[in-house]
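Thanks for coming, everyone. Have a look at the screen.

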Amino acid sequence: MVYCFSLFTLVVFSVIQGALFAQIPEYIKVCKREQSTINECVKSSIEKLRPNLIAGIPELNVPSLEPFYIPEIIAVSGELVPLKASGKDVKVSGAGNFTIKSISVDLDTFTLRGRVRFPRLHLDGRYNLDTQILIVPLRGEGNLVANAVKCDADILLKSKRTMRDGKEYVEFTSLNVDLTIKDYRIRLDGLFNGNKALGDATNEAINQNRDEFLKTTQPYLEKTVAKILLDAANKIVANIPLDELLPEA
């Protein structure tokens, strides 16, 4: 369910990315560097941008939120239990109905904290899995379908100011996430080489122990996606002076 975090971070970065243009598109609400107004301005900017986010913004290289496609994500770990997993061509529906619970921007440290909720998300795609949940070995590949309810993502984005050629820039230094999911159900087809009886029993066991299943896969997925998005964020702002990214009030 790391997709919740991915979607929220995409929303925030799309607002930042509007600064890349000499002439800001009319659907981007520009926020001034004023502490007393920045939080509400960023929230308002995202809300104004919602229809464009749902449809996609090709000129900003922002894909559509409805549906949102994830080409591939890979998890390989041996820290807690042996884990080899991948998801491909995952389609996420319901992301356009996000609710911004809070956004806080500290202009002194250029730290952003935020929480967003996706009331319902539906995912379907392909998976490949080789791991163990409790004492149950899980191996297989095929279609996956999942439904999540009240998916909350808390993010913390930190940055620092740097000087280059007499101009000040922002560099994002870390991106952390904490996921909370009220409930979800998942179905993996193709377990045990398609053995329906074993597959049905294992899917039932997964859903009865879904907290444990999420705990096993979540840490690696969070770190992987955070790194990808942190790299993308730094590419966006690498050549944009701070005075252009966030104009003085």
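Let's begin at Ala238, which sits in the loop between α4 (210-237) and α5 (242-245). When I say helix or strand, I mean DSSP runs numbered from the N terminus: H or I of at least four residues for helices, E of at least two for strands. Before going further, a word on the source: this is a predicted model, where local features need pLDDT of at least 70 and side-chain atom pairs count only at pLDDT 80 or more, while totals for chains, interfaces and linings use all residues. Residues are numbered from 1 along each chain as its sequence is written, and side-chain values use heavy atoms, with hydrogens and water left out.

Back to our alanine. Ala238 counts as partly exposed because its relative accessibility is 28%; buried is under 20% relative accessible area, exposed is over 50%, and partly exposed is in between, using a 1.4 Å probe and protein chains only. Which residues does Ala238 contact, leaving aside neighbours within four places in sequence? Those are Arg164 and Tyr169, with contact meaning heavy atoms within 4.5 Å. Val170 is 68 residues from Ala238 in sequence, yet the C-alpha atoms are 7.4 Å apart in space.

Zooming out, the protein has five helices and six strands, and from the N terminus they run α-α-β-β-β-β-β-β-α-α-α. Of its 249 residues, 47% are buried. Among contacts with a separation of 6 or more, 68% are between residues 24 or more positions apart.

The largest nonpolar core has 58 residues, and Phe98 and Leu188 touch the most other members. Strand β6 (residues 167-188) gives this core its largest share, nine residues. A core here is a set of buried Ala, Val, Leu, Ile, Met, Phe, Trp, Tyr and Cys residues joined through side-chain atoms within 4.5 Å.

Finally, some backbone details for you. Most residues other than glycine have a negative phi, and most peptide bonds are trans. Here, though, Glu66 and Pro67 are joined by a cis peptide bond, with omega about -5 degrees; Pro67 lies in the loop between α2 (35-55) and β1 (68-77). Asp89, in strand β2 (residues 83-93), has a positive phi near 50 degrees, and is exposed at 56% relative accessible area. Asn193, in the loop between β6 and α3 (196-208), has a positive phi near 55 degrees and is exposed at 84%.
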